[in-house]
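My notes follow in the order in which I looked.

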Amino acid sequence: MQDANWTAALTNGLSHEGDGPHLCVLATVDGQMKPMARCMYCREVTEDGQLIFVSDRRTRKDQHLRERPDAEVVFWLESQRTQFRVRGHAVVVGAEMDDYMRQTWWSKISDESRAIFKGLGNGWELAEGEPTKVTADTPMPSTFEMLVLNPEEVEMLVLKEQPQIRRAWSKSGDDWSQSD
């Protein structure tokens, strides 16, 4: 693998795990500089390596990333016994930034996912009587946001091999370099 081929390695690895979205762990830093991690679905890995997530303005992770954009995402590819760690800076794309991107993803997510975003006003569970499915033509809530992680460091660790295979990439400006 050369330079930025980590994107191909990650996307190929994810495709072998099945159709997306893909479960991963997103770690942020709170106001007291303590790490917080949670499972998320990565909706897309773009050709240039950006990781795309849907989120809600009312969550702590969105607030953390607004205050400090440093984040790390970890994917575990079970069938390949491979871990990817992607570290970088995240941008929260809210209603004031890019309505087109938000609307595009509002229409891409499942009817069940849209119902959760519409129902969060009553807490993290749908209240009795709230719809469990919401179609894409339903108006998007202003709290529906996107998280875009712009990678700066990537590490791949293949645990099925002996010795284990480790590859690392780092970005400087627009250029990626690889180390083993």
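Which side chain meets Arg 166 in a salt bridge? I found Glu 155, at 2.8 Å from N to O, where a salt bridge is a side-chain nitrogen of Lys or Arg within 4 Å of a carboxyl oxygen of Asp or Glu. This is a predicted model, in which local features need pLDDT of at least 70 and side-chain atom pairs count only at pLDDT 80 or more, while totals for chains, interfaces and linings use all residues. Residues are numbered from 1 along each chain as its sequence is written, and side-chain values use heavy atoms, with hydrogens and water left out.

I placed Arg 166 in strand β8 (residues 165-172) and Glu 155 in strand β7, 11 residues apart; strands (E, at least two residues) and helices (H or I, at least four) are DSSP runs numbered from the N terminus. Arg 166 is partly exposed at 38% relative accessible area, whereas Glu 155 is buried at 16% (buried is under 20%, exposed over 50%, partly exposed in between; 1.4 Å probe, protein chains only).

I next looked up Arg 57, which forms a salt bridge with Glu 145, the closest N and O atoms being 3.0 Å apart. Arg 57 lies in the loop between β4 and α2 (60-67) and Glu 145 in β7, so the pair ties together parts 88 residues apart in sequence.

Finally, I noted that Phe 53 is in contact (heavy atoms within 4.5 Å) with residues including Cys 24, Val 73 and Glu 145, leaving aside its neighbours within four places in sequence.
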